[in-house]
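Thanks for making time this morning. I have one structure to walk through, so please keep it open in your viewer.

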Amino acid sequence: MSGDDTPADIDKLQAALEQMLKANVSAASAKLPTFHTEDPEWWFEVAEAQFAIARITTDDTKVNYIIGSLPYPVATQLRDKLKKPYPAYEVLKQAIIDRLTPDADTRIRNLLDHSRIEAGETPSAFYRRLLVLAGQDIPYEIVLNRFTKALPSHVANATQTITQQ
């Protein structure tokens, strides 16, 4: 720049630089996982990690991503919360978790109904699946009992030795 540049020239140069910066900045977007009603709290953990990666910090943007990610049957259960003006992100998050997290009776039923090891499932994957089904309310001893009863006897015997130490 020369000493005879006018303020108007400086303003034009600044505007041109801002345009170039805007053109080179790509908008980051969050890639939210498919919503599953089995564990909404965990789904929000993953969604919030995606928000952090994409540097999404505003409530409005988070709310729009969440609403856009909800399957229609889930969205209809939250119709009263999804009307404009949208609630704050934390309010919407809590409403989804409260309404869609299975209660203790449902988790116990699911644990009992699904405590069979599936074809091709490793014992450790089966164990993790049971822990997810149990949630926070079902005592660990019940999960462990269902786990060992579902395993083949030679695997269950080895597992009992390990868990008793």
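Let's begin with the layout. From the N terminus on, the elements run α-α-α-α-α-α-α-α-α. That is 9 helices and 0 strands. Keep in mind that this is a predicted model. The protein has 165 residues, and 27% of them are buried. Now contacts. Take those with a separation of 6 or more: residues 24 or more positions apart account for 48% of them.

Which residues of α2 are buried? Pro-40, Trp-43, Phe-44, Ala-47 and Phe-51. They sit on the same side of α2, because they cover an arc of only 100° around the axis. What do they pack against? Two helices: α3, residues 59-69, and α5, residues 89-100.

Next, zoom in on Trp-43, which lies in α2. Its relative accessibility is 4%, so Trp-43 counts as buried; the cut-off for that is under 20%. Leave out residues up to four places away in sequence, and look at what Trp-43 touches. The list is Leu-32, Pro-33, Thr-34, Phe-35, His-36, Ile-66 and Ser-69. Trp-43 and Ile-97 are 54 residues apart along the chain, with their C-alpha atoms separated by 9.6 Å.

On to the backbone. Most residues other than glycine have a negative phi, and most peptide bonds are trans. I have one exception of each kind.

Arg-55 is not a glycine, yet its phi is positive, about 60°. Arg-55 belongs to the loop between α2 and α3. Is Arg-55 buried or exposed? At 76% relative accessibility, Arg-55 counts as exposed.

For the peptide bond, go to Lys-84 and Pro-85. The bond from Lys-84 to Pro-85 is cis, with omega near -5°. Pro-85 lies in the loop between α4, residues 72-77, and α5.

Rolling a probe the size of a water molecule over the atoms shows where empty space is left.

The largest pocket holds about 460 Å³ of space. It is lined by 16 residues, and the closest to its centre are Glu-38, Asp-39, Arg-107, Val-132 and Gly-135. Which elements give two or more residues to that lining? They are α2, α6 at 104-113, and α7 at 123-134. By class, the lining of the largest pocket divides into 6 nonpolar, 4 polar and 6 charged residues.

The second largest pocket has a volume of about 180 Å³. Its lining consists of Pro-33, Thr-34, His-36, Glu-38, Asp-39, Trp-42, Trp-43 and Val-46. By class that is 4 nonpolar, 2 polar and 2 charged. Several names come back here.

How values were computed: Residues are numbered from 1 along each chain as its sequence is written. This is a predicted model: local features need pLDDT of at least 70, side-chain atom pairs count only at pLDDT 80 or more; totals for chains, interfaces and linings use all residues. Side-chain values use heavy atoms; hydrogens and water are left out. Buried means under 20% relative accessible area, exposed over 50%, partly exposed in between (1.4 Å probe, protein chains only). Helices (H or I, at least four residues) and strands (E, at least two) are DSSP runs, numbered from the N terminus. The arc is that of the directions from the helix axis to the C-beta atoms. Contact means heavy atoms within 4.5 Å. On a 1 Å grid over the protein atoms alone, a cavity is a set of points where a 1.4 Å probe fits but cannot get out, and a pocket is an open set with protein on both sides within 12 Å along at least five of seven lines; lining residues have an atom within 4 Å of a point. Grid points are joined across faces, edges and corners, and a volume is the space filled by probe spheres set on the points. Ala, Val, Leu, Ile, Met, Phe, Trp, Tyr, Cys and Pro count as nonpolar, Asp, Glu, Lys and Arg as charged, and the others, Gly among them, as polar.
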